[in-house]
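Dear colleague,

Please find below the structure that I am handing over to you. My findings follow directly after it.

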Amino acid sequence: MTQRILLVKFGPIGDVVMATPILEAAARLTPGSQVTWLTTASLAPLIARLRPAPEIITVDDHALWHGNLWQRAQLLINLRRRLAGRRFDLGLFAHANRRMHKMLWGLSVGAWRSFNLAAGLPRRGSRHHDEHVRLLTGADQATPSIAAYPTIELHVPTLALPPHPRVAIVPGGARNPLREDVLRRWPLAHYVALARLLNARGINVILAGGPDDAWTQSAFAGIPVTDTIGKTSIVGALDLFAVCDVVVAHDSGPMHLADLAGVPVIALFGPTSPHEKGPIGKQTRILWGGENLTCRPCYDGVNYADCNRNQCLEEVTPEQVLVAILAVQTNS
């Protein structure tokens, strides 16, 4: 039966990517369903690349995450004006923040399904991609491998890039609108060492990241790399990753973008669990450091343990990452 579905997923980037299997599942399970995606303006261009394309309604990023009382009130008024007279059969609130859910009370929605950490949703140890699909289906039990990405529209990058083989590395990231998660980052010195190892094998290295990652650039001075940090939009990064042979990234938005682009990803994990947030691509290689640390993983879905040094990620060596890259290249 055709359904009118309201999906609420504001961000950050990685979480939005992990929610995209809802579109594929809705098209497969209830053909003809109409999905309206409520998100932030900055992520609308990414969602617009998805097929089947949802209707997109946006709110202002700053007002949502950092706005004062007046700005948030205006956001709420504008949102309710846009949704006035609309009715949805099903609402999916893919956040566990109950305060944010209150802004949607009173909308004409037949039934709401929401994440709720106190109730164990999303479930610990289960891929969040799958948990988003379960949010759609209302299934009580997790089913392995139920999530798949929708088709994504890709464009040819406008940047001048070196010839293949190309390996993109993302030394920054791990930042969302509310905080900077430094514990999720593979050490910058490890990325530098990896760039040198790749250069020695004749593999071209591309630095990738947003404008906020400019602090990493000086560490690569004197190393032959193609620096694209701050030169691409979110969808521009997606297009860039799609023409690379491998992308190396720790748990971050760019890691998920590369997975959505269909490129092999070497995903580096420490305090977060790859069983929950790992890429779902078939050519993914996951390296999870800190095997003998009793504190791993220390992220509970909201906070990290009090830690001054992410030893778990430090234990993943550049040499191990190089081996994983070469293995992917051999099997491609």
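The protein contains 13 helices and 17 strands. Please note that this is a predicted model.

On overall dimensions, a compact globule of 332 residues would have a radius of gyration near 20 Å, and the protein agrees with this because its own value is 20 Å. The C-alpha trace spans about 60 × 45 × 40 Å along the principal axes of the protein. Of the 332 residues, 50% are buried. Among contacts with a separation of 6 or more, 62% are accounted for by residues 24 or more positions apart.

I also examined one helix pair in detail. Helix H8 covers residues 188–200 and helix H13 covers residues 318–331. The two pack with their axes 9 Å apart, at an angle of about 45°. The crossing in which H8 passes H13 is right-handed.

Which residues bring H8 and H13 together? On the H8 side they are His190, Ala193, Leu194, Leu197 and Leu198, and these meet Pro318, Glu319, Val321, Leu322 and Ile325 in H13. By class, this contact of H8 with H13 has eight nonpolar residues, one polar residue and one charged residue.

With kind regards

Technical notes
Residues are numbered from 1 along each chain as its sequence is written. This is a predicted model: local features need pLDDT of at least 70, side-chain atom pairs count only at pLDDT 80 or more; totals for chains, interfaces and linings use all residues. Side-chain values use heavy atoms; hydrogens and water are left out. Axes are lines fitted to C-alpha atoms, for helices over the stretch in contact, and angles run from 0 to 180 degrees between N-to-C directions. Helices (H or I, at least four residues) and strands (E, at least two) are DSSP runs, numbered from the N terminus. A crossing is left-handed if the near helix is turned anticlockwise from the far one by less than a right angle, and right-handed if clockwise. Contact means heavy atoms within 4.5 Å. Ala, Val, Leu, Ile, Met, Phe, Trp, Tyr, Cys and Pro count as nonpolar, Asp, Glu, Lys and Arg as charged, and the others, Gly among them, as polar. The radius of gyration is taken over C-alpha atoms; the globule rule is 2.2 Å times the number of residues to the power 0.38. Buried means under 20% relative accessible area, exposed over 50%, partly exposed in between (1.4 Å probe, protein chains only).
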